[in-house]
Amino acid sequence: MTPTPPSPSDKRTSGNPAKQAEINLTVKQQREQKRQEKLAEYQKQLAKRRRSKLVWWVVGITAAVVIIGLVIASVVFAPAPAPTYERGDSDGSSIEGLETFENTANHVEGPVEYAQTPPAGGDHNAVWLNCGVYTQPVPNENAVHSLEHGAVWVTYDPAQVSDDDIAALEAQLPSTYTVLSPYEGMDSPIALSAWNAQVKVDSADDERIEQFIRAYWRSTNAPEPNAACTGAYDAPGKK
């Protein structure tokens, strides 16, 4: 009968006590080595998890800081809202240098010769100019129709004002019922026109600009005070 070979997992034995002690020590060392290896692997995995948590924590904090920074920047650098005013009553009698006129208000075709430069009323095209900011000159005949609806038309001579002046003018205008456009060849740097009223100023920080807007913006005394200032004609250069 063939003897059964010992299992690999069987403990090694020896008839020599000294040799057996050496074998036992070797087995203990192997067990300790395996234990140390397992412990080292566990510590390695634990450190890896800690590093991963740290990375995500840093990423999260960084993202939060970026988001907060963007929110703050959006508030700090957002353009200021357009000013708001009550509807005027066309009483600008207290405004220094104000001129008033008597103009007709007929709808006509073709170009019109106006008594004022820029015009402050008169016969005009049947289609009004959509209110807003324009970087190019706009047709007089359409802009005058907007004045008839209660708009304020702010014009500037590009040869007499700077980009900062233009930005300052735009910042003072309500978001509706105003037109801002260049107008070459004026006898003053800036003019504000409403129906049958006009004032000319030399500087974009002149206090009369606000006074004029308060008196004539959407004036209840304009020929057509409740008519629209949108939905008609956009001239070239509209922002």
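In helix α4, Phe-212 and Tyr-216 are four residues apart, so about one helical turn separates them; helices (H or I, at least four residues) and strands (E, at least two) are DSSP runs, numbered from the N terminus. The two residues form a tilted aromatic pair, with 4.6 Å from centre to centre and 35° between the planes. Rings of Phe, Tyr and Trp (its six-membered ring) pair if their centres lie within 6.5 Å, and planes under 30 degrees apart count as stacked, over 60 as edge-to-face and the rest as tilted. Phe-212 is buried at a relative accessible area of 0%, and Tyr-216 is buried at 4%. Buried means under 20% relative accessible area, exposed over 50%, and partly exposed in between (1.4 Å probe, protein chains only).

The model is predicted: local features need pLDDT of at least 70, side-chain atom pairs count only at pLDDT 80 or more, and totals for chains, interfaces and linings use all residues. Residues are numbered from 1 along each chain as its sequence is written, and side-chain values use heavy atoms, with hydrogens and water left out.

The count of aromatic pairs is two. In the pair of Trp-153 and Tyr-183, the ring centres are 6.0 Å apart and the planes stand at 70°, so this pair is edge-to-face. Trp-153 belongs to strand β3 and Tyr-183 to the loop between β4 and β5, so the pair ties together parts 30 residues apart in sequence. Trp-153 is buried, with a relative accessible area of 1%, and Tyr-183 also counts as buried, at 15%.

The chain has four helices and six strands, in the order α-β-β-α-β-α-β-β-β-α. Of its 239 residues, 36% are buried. The largest nonpolar core holds 43 residues, and Val-154, Leu-169, Ile-190, Leu-192 and Phe-212 touch the most other members. Such a core is a set of buried Ala, Val, Leu, Ile, Met, Phe, Trp, Tyr and Cys residues joined through side-chain atoms within 4.5 Å. Helix α4 gives the most to this core, with five residues.

One disulfide (a pair of cysteine sulfur atoms within 2.5 Å) is counted. It joins Cys-131 and Cys-229, whose sulfur atoms are 1.6 Å apart. Cys-131 lies in the loop between β1 (99-100) and β2 (132-133) and Cys-229 in the segment after α4, so the pair ties together parts that are 98 residues apart in sequence. The torsion about the S-S bond is about 50°, so the disulfide is right-handed. Both Cys-131 and Cys-229 are buried.
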